[in-house]
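Biologist: Can you walk me through this model? Keep it quick, please.

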Amino acid sequence: MKYASEAPNERAAELAARSATPASAPEEQHGTRNRVARSILDHGPSTAAELAQRLELTQAAVRRHLDTLVADGVVEPREKRVYGARGRGRPAKVFALTDCGRDAFDQAYDKLAVDALHWIEQSAGGGEAGRAAVAAFARARLAAQAEGYRGTIEAAAPGRRTEALADALSADGYAATARSAPVGEQLCQHHCPVAHAAERYPQLCEAETEVFSQLLGTHVQRLATIAHGDGVCTTFIPKTGKVEKADTSTTKTTTASASTAGRNPE
């Protein structure tokens with residue numbers, strides 16, 4: 001009888017221990033999901049395997065969190081974009097932040113930015129004059145921002161200037177990285193604090209592209225933008241074609257490259 005009476009007590013203790021565990025579990029799981037979303041923000045669209053490696057989690061755990069994030073509308077699955085020749089088999093599935101997911105980070109002032117740009121556009125009379133006024137504002141804003149980057153970039157070795165620009169952009173919240181690419185480099189911005197404003201006013205992307213060209217001393221080409229719906233803002237920097245000063249030919253090259261801002265390559 002003694003052992004029979006102790007058994008229910010032991011069972012009750014076990015159940016109590018189990019019921020106590022989930023109390024902190026939701027909070028812990030929420031924190032891990034935030035880490036998954038933040039990793040996608042910092043590194044761009046990622047596969048479950050890449051996330052698992054970066055966060056030191058199992059792929060099964062990462063997939064569970066991704067399922068929840070997809071259900072909540074924070075991330076969305078996409079086919080992984082392949083540059084160059086595509087190998088055999090189906091492309092890997094990557095997960096990218098949605099607009100809702102990006103809004104969870106530091107985009108609280110996006111509406112204010114859109115309202116301010118709209119005011120500038122209308123104050124100039126709208127139409128072509130209004131668009132030109134927004135473009136002038138965008139160039140002035142980016143030129144001031146670039147002055148804070150110039151010293152760091154000019155101090156870097158020629159082969160590390162794209163990386164120096166990426167570091168400067170990251171300090172301003174753009175989560176930027178530099179990576180090698182065929183016949184050049186790619187500057188990738190995994191976050192854009194003004195993505196919604198740039199979606200409506202592409203002059204912001206165009207001015208940024210021009211500033212990158214001036215800072216790096218070469219023409220550049222914008223391949224993709226978050227504002228256009230891509231997972232990452234991607235700018236191609238060729239190994240050749242350096243320019244010393246902005247002259248007529250430079251302006252033409254930069255303008256042609258800037259015109260691709262906000263659009264995917266065909």
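**Working through the model**

Modeller: Of the 266 residues in the chain, 39% are buried. Buried means under 20% relative accessible area, exposed over 50%, and partly exposed in between, with a 1.4 Å probe and protein chains only. This is a predicted model: local features need pLDDT of at least 70, side-chain atom pairs count only at pLDDT 80 or more, and totals for chains, interfaces and linings use all residues. Residues are numbered from 1 along each chain as its sequence is written, and side-chain values use heavy atoms, with hydrogens and water left out.

Biologist: How many helices and strands are in the chain?

Modeller: Eleven helices and six strands. They are DSSP runs, numbered from the N terminus: helices are H or I with at least four residues, strands are E with at least two.

Biologist: What is the strand order in the open sheet?

Modeller: The order is 3-4-6-5, with antiparallel pairing. Two strands pair if DSSP finds at least two bridges between them. Strand 3 (176-181) and strand 5 (221-224) are the edges, each pairing on one side only. On average, neighbouring strands are turned by 25 degrees against each other, direction ignored. Axes here are lines fitted to C-alpha atoms, for helices over the stretch in contact, and angles run from 0 to 180 degrees between N-to-C directions.

Biologist: How many bridges join strand 5 to strand 6?

Modeller: Three, and these two strands run antiparallel. Strand 6 covers residues 233-238. There, T234 is the bridge partner of A224.

Biologist: Which strands does helix 8 touch?

Modeller: Helix 8 (residues 161-171) packs on the sheet and touches strand 3, strand 4 (184-189) and strand 6. Contact means heavy atoms within 4.5 Å. The direction of helix 8 makes about 160 degrees with that of strand 3.

Biologist: And which does helix 10 touch?

Modeller: Helix 10 (residues 203-216) packs on the sheet too, touching strand 4, strand 5 and strand 6. Its direction makes about 135 degrees with that of strand 5.

Biologist: Is C192 buried or exposed? What about C233, buried or exposed?

Modeller: C192 counts as buried because its relative accessibility is 10%. C233 is buried as well, at 4% relative accessible area.

Biologist: How many cavities turn up?

Modeller: Two of 30 Å³ or more, from a search of the whole structure. On a 1 Å grid over the protein atoms alone, a cavity is a set of points where a 1.4 Å probe fits but cannot get out, and lining residues have an atom within 4 Å of a point. Grid points are joined across faces, edges and corners, and a volume is the space filled by probe spheres set on the points. The largest cavity has a volume of about 130 Å³.

Biologist: Which residues lie nearest its centre?

Modeller: Y174, C192, V194, L204 and E208, out of 14 lining residues. Helix 7 (127-155) and helix 10 each supply at least two residues of that lining.

Biologist: Where is A175, and what is its phi?

Modeller: A175 sits in the loop between helix 8 and strand 3. Its phi is positive, about 45 degrees, although A175 is not a glycine. A175 is buried, at 12% relative accessible area.

Biologist: And V183, buried or exposed?

Modeller: V183 is exposed, at 62% relative accessible area. V183 lies in the loop between strand 3 and strand 4. Its phi is also positive, near 55 degrees.

Methods
1 Å grid on protein atoms, 1.4 Å probe; cavity = no way out; pocket = protein on both sides within 12 Å on 5 of 7 lines; lining within 4 Å.
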